[in-house]
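Trainee: I have a chain open and would like to talk it through with you. Could you have a look at it with me?

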Amino acid sequence: GVEHAGLLAGDIAKALITTAAGLMVAIPALLFHRFFNSKVNKLAIGMEEQALRLVEVMKGEREDGVEDA
């Protein structure tokens with residue numbers, strides 16, 4: 001027990017330093033992930049809205065074409 005206290009403290013210090021280094025990498029990575037994920041979601045919603053408008057236009061043209069025929 002007591003004779004290994006210094007060795008144990010050194011190992012705990014290594015673990016804490018490793019954890020801090022991991023958090024220094026993980027937290028910015030999470031922030032960038034959320035930022036870019038939000039941008040992608042906004043682009044996907046915009047693309048979906050444009051696709052729906054295109055379908056409405058095409059549907060309207062087809063209906064007009066059927067009425068003229």
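Trainee: Where do Phe 32 and Phe 36 lie, and how many residues apart are they?

Mentor: Keeping in mind that this is a predicted model, both Phe 32 and Phe 36 are found in helix H1, where four residues, about one turn of the helix, separate them.

Trainee: And how many aromatic pairs does the structure hold?

Mentor: There are two aromatic pairs in the structure. In one of them the ring centres of Phe 32 and Phe 36 are 6.4 Å apart and the planes meet at 15 degrees, so this pair is stacked.

Trainee: What about Phe 35 and Phe 36, what kind of aromatic pair do they form?

Mentor: Phe 35 and Phe 36 make an edge-to-face pair, with 5.1 Å from centre to centre and 75 degrees between the planes. Taken together, Phe 32, Phe 35 and Phe 36 form one aromatic cluster.

Trainee: Is Phe 32 buried or exposed?

Mentor: Phe 32 counts as exposed, because its relative accessibility is 54% and the cut-off for exposed is over 50%. Phe 36, with a relative accessible area of 48%, is partly exposed, and Phe 35 is partly exposed as well, at 45%.

Trainee: Changing topic, which residues form a nonpolar patch on the surface?

Mentor: That patch is formed by Leu 8, Ile 12 and Leu 16, which together have about 310 Å² of accessible area. Leu 16 has its place in helix H1, which covers residues 5–68, and at 55% relative accessibility Leu 16 counts as exposed.

Trainee: Stepping back to the chain, how many helices and strands are there, and what share of the residues is buried?

Mentor: The chain has one helix and zero strands, and buried residues account for 0% of its 69 residues. Its accessible surface comes to about 6,400 Å², and 70% of that belongs to carbon and sulfur atoms.

Methods. Residues numbered from 1 in each chain as written. Predicted model: local features only at pLDDT ≥ 70, side-chain atom pairs only at ≥ 80, totals over all residues. Heavy atoms only, no water. Patch = residues over 30% accessible without salt bridge, like charges linked within 9 Å, V, L, I, M, F, W, Y side chains within 5 Å. Areas by Shrake-Rupley, 256 points an atom, 1.4 Å probe, with all protein chains shown as cover. Salt bridge = Lys/Arg side-chain N within 4 Å of Asp/Glu carboxyl O. Helix = DSSP H or I, 4+ residues; strand = E, 2+ residues; numbered from the N terminus. Buried < 20%, exposed > 50% of the residue type's maximum accessible area, 1.4 Å probe, protein only. Phe/Tyr/Trp six-rings, centres within 6.5 Å; stacked < 30°, edge-to-face > 60°.
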